[in-house]
Amino acid sequence: MGDTTTTSDDEAPSGATAASTARAPFAPWDRRDLPGMFSVAETARRVGNYKWTEMKLFEALGGWIATVPELDIKMRLGAHCYHHAWHADLWNQRLPELREMKPERLTVPANDAIVRFIAAMTEPEAPELTIEKLVGVYRVLIPRFISAYTYHRNNTSEITDAPTIRSINFILQDEFDDWRDGEMMLQSLITTPEDVQRAASHQAKLETIMVEAGGITGPGSIGGSSSDGF
Amino acid sequence: MRQFFPVEDLARDERFVQTNMAERLADTRNPMEPASNRKSAKSRSAGNRLTPDRPDASDRARGLMHGIMVGEIQALEGAGRTAHDFEAGDGSGDTIPFELKLDMARQAWDEARHVEISAKLGDWMGTELGEFQENTVLFEAACSNDPVLRLAGVNRALEGLAIDVFTQMKEFGDLAGDPYLEFCEDWMLADEVTHVKMGSDWLRKVTEKDPDRRTKALEFQQVVDKLFSFGGARGDHEESSFKLARRFRELAGFTDDENDTINKLGVDAFNERSQAVKQAQDAASAFADA
Amino acid sequence: MAALVAGQVSVDPAEFTQVKYDANEIAAIVGSLAETLGVSNSISLVVDETTLLAKITCSIDAPSSDATILINAMSGAIENTKHLTTLGVNQTQTSVGRMLLRARDRMRADFAGAGADDDLTLAESAAWDTYCAGRLARAGIEINTQRWRYNHRNRFGFSNAGDADFERLWAADELSWSEVVAGIADI
């Protein structure tokens, strides 16, 4: 290379002109942007909160399997239990990449209210309380996961934090699928005005604690700081 | 939700009726086909093994499939409870490693699929959900409050039993030419070998620096294995209903010595059960003669 | 211990010790079943309560329409599978019902070629069971059709031909023995 007297092996095919391979680093259709709202430390904090909450969720789903008499729901809880364990694992693997070499140090709840939320969500145990169990997971917690993950994905740097985005995309697919499963199970269980009341009052009770918590990662889970204009 | 969940509270719909080992052992009838009733000692159906050439093959296969299904439900519940009951930690005391919790969640998904498969197979074989009594011995015996004992009880003893039973059912499906049974059992067997291996690996790892704890866990496993031999229904001996699936057990981390021990437990249990049945039947005859 | 006799039905033993069966209840179920199926013969049912297996066989004491029907059942054949050691009404109807229909068939001249129950091949027995179970279902007894289809497939193969034979037998009412076992030639 660099030799002006090229051998026949390096010559372009007869009659052809060698085309340049120099291109812009980003193709015209690649509109990813560099700026992001989160520093490494802030990303790690959020990821730690995600992991803690996903763990609490898969533990709850696993524990409830033995407590629900409805066979189809029992089996769905088993499948969903693994989905959330896998999410926790993805976040556990991400933490060291975010300079947290002891992942358990950041595997914490966002605040005390989230701890109270989990306690309230996992309180129902009796076999006749399937509606309450499902409402807590599928009408309160998973919608909060979907919103927190969506906010994170849409506001982090598409270039520097691509690994987090990739995980979130996989996770969100599960969250949407599980939410749909859960909502359909609930709709099949809620068949009387009394059931509606039960579901709504339990949802309101849990939502109140979640609002106090500010979401999965605390206040700012989906933005909401004054600079956002909300 | 409580940390530990008692077997008597396992939630079921009204179709399911549960029983336990004490009730089953109180049944003094002979569970084995008397040798005098068999057409030929050389026939495949001469023993108690489930083979298609038994006159009662279809109904026994249906009953066994239902037993597998409720066993899978209990295994699903057991795996879910292990994911729930113990905090993530270094494995000491009431804690288990984070990765072990993840494995238990994965196992819960696998067992959920096995329930789905078993329910579909039950339908294929003409069995209704809850048609047969559910023995809760699997959850009761396997779900200890000590996480290491649970690994021994659930992942090695219970799932080891599943390997033996699935191998038997796979062979039955193959011989009968049933296109679904053999296929499904083959897939479930693959999962069970994974679960037993998981248990073997974790048991070794968690008790690495605590030989006493390991010994206690293996002793507990023997107790559960004897219980799971169901009065000698499992083992290499002629009268057993299920043969030990030694090749798959080896893949799952059982040593030859361990398999020999399980086989011996089966023979012991068979002899004890035979003696108990004989005593009960002598007593019944005496009553009838009177 | 003498057998219990109630109407056309006798049940031996009259008192059970290893299972929680009531001979009177068994006699009542069998009597009612016989009426449903139009069987007016005397019926002798002997239950072996020492085994939990489920084998059941029948014979008639003479090839005539007023023959006595002899049924030998292991206790599992009439057991409630949801509550072991207790009597199952549907299990009794299904097991004994098949035997009553077999016995009635045996009273026909065109069943002279049928061997004794213990001598039947597995395929002959399965074909006859399918024929009996179909008739029981039409008589109003609760029968899981798929159970019998599966049993038939285990003997006649998991194939379209086997399934067609099942449908033929299931829907039939007045077959001769040679018609019952006609499908065996195709296995």
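Buried residues account for 58% of the 290 residues in chain B, a chain that belongs to a predicted model. The accessible surface of chain B comes to about 12200 Å², and carbon and sulfur atoms hold 53% of that area. Its secondary structure consists of nine helices and four strands, which follow one another from the N terminus in the order β-α-α-β-β-α-β-α-α-α-α-α-α. Among the contacts in chain B between residues at least 6 apart in sequence, 76% join residues that are at least 24 apart.

Two pairs of chains touch, and the pair with the most contacts is that of chains B and C. Chain A and chain C, by contrast, have no contact joining them, and their closest C-alpha atoms lie 18 Å apart. The size of an interface is often expressed as the accessible area that is lost when the parts come together, and the table gives that area for each interface.

| Interface | Buried area | Share on carbon and sulfur atoms |
|---|---|---|
| Chain B and chain C | about 3000 Å² | 51% |
| Chain A and chain B | about 2400 Å² | 71% |

At the interface with chain C, 43 residues of chain B are in contact with 32 residues of chain C. On the side of chain B that touches chain C, at least two residues each come from helix H2 (57–85), helix H3 (98–125), helix H5 (147–176) and helix H9 (256–289) of chain B; H2(B) gives the most, with six residues. Sorted by class, that side of chain B has 18 nonpolar, 10 polar and 15 charged residues.

At the interface with chain A, 30 residues of chain A are in contact with 30 residues of chain B. Here five salt bridges are found, and the side chains of A:Arg76 and B:Glu116 meet in a salt bridge at 3.5 Å, N to O. Eight residue pairs, both members at pLDDT 80 or more, are in polar contact across the interface of chain A and chain B. Helix H1 (40–64) and helix H2 (71–97) of chain A each supply at least two residues of the side of chain A that touches chain B, and H2(A) provides the largest share, 12 residues. The residues on that side of chain A comprise 16 nonpolar, six polar and eight charged ones.

How values were computed
Residues numbered from 1 in each chain as written. Chains lettered and ligands numbered in written order. Predicted model: local features only at pLDDT ≥ 70, side-chain atom pairs only at ≥ 80, totals over all residues. Heavy atoms only, no water. Contact = heavy atoms within 4.5 Å. Buried area = accessible area lost by both parts, 1.4 Å probe. Nonpolar A, V, L, I, M, F, W, Y, C, P; charged D, E, K, R; others polar. Buried < 20%, exposed > 50% of the residue type's maximum accessible area, 1.4 Å probe, protein only. Areas by Shrake-Rupley, 256 points an atom, 1.4 Å probe, with all protein chains shown as cover. Salt bridge = Lys/Arg side-chain N within 4 Å of Asp/Glu carboxyl O. Polar contact = N/O pair within 3.5 Å; in protein donor to acceptor, adjacent residues only side chain to side chain.
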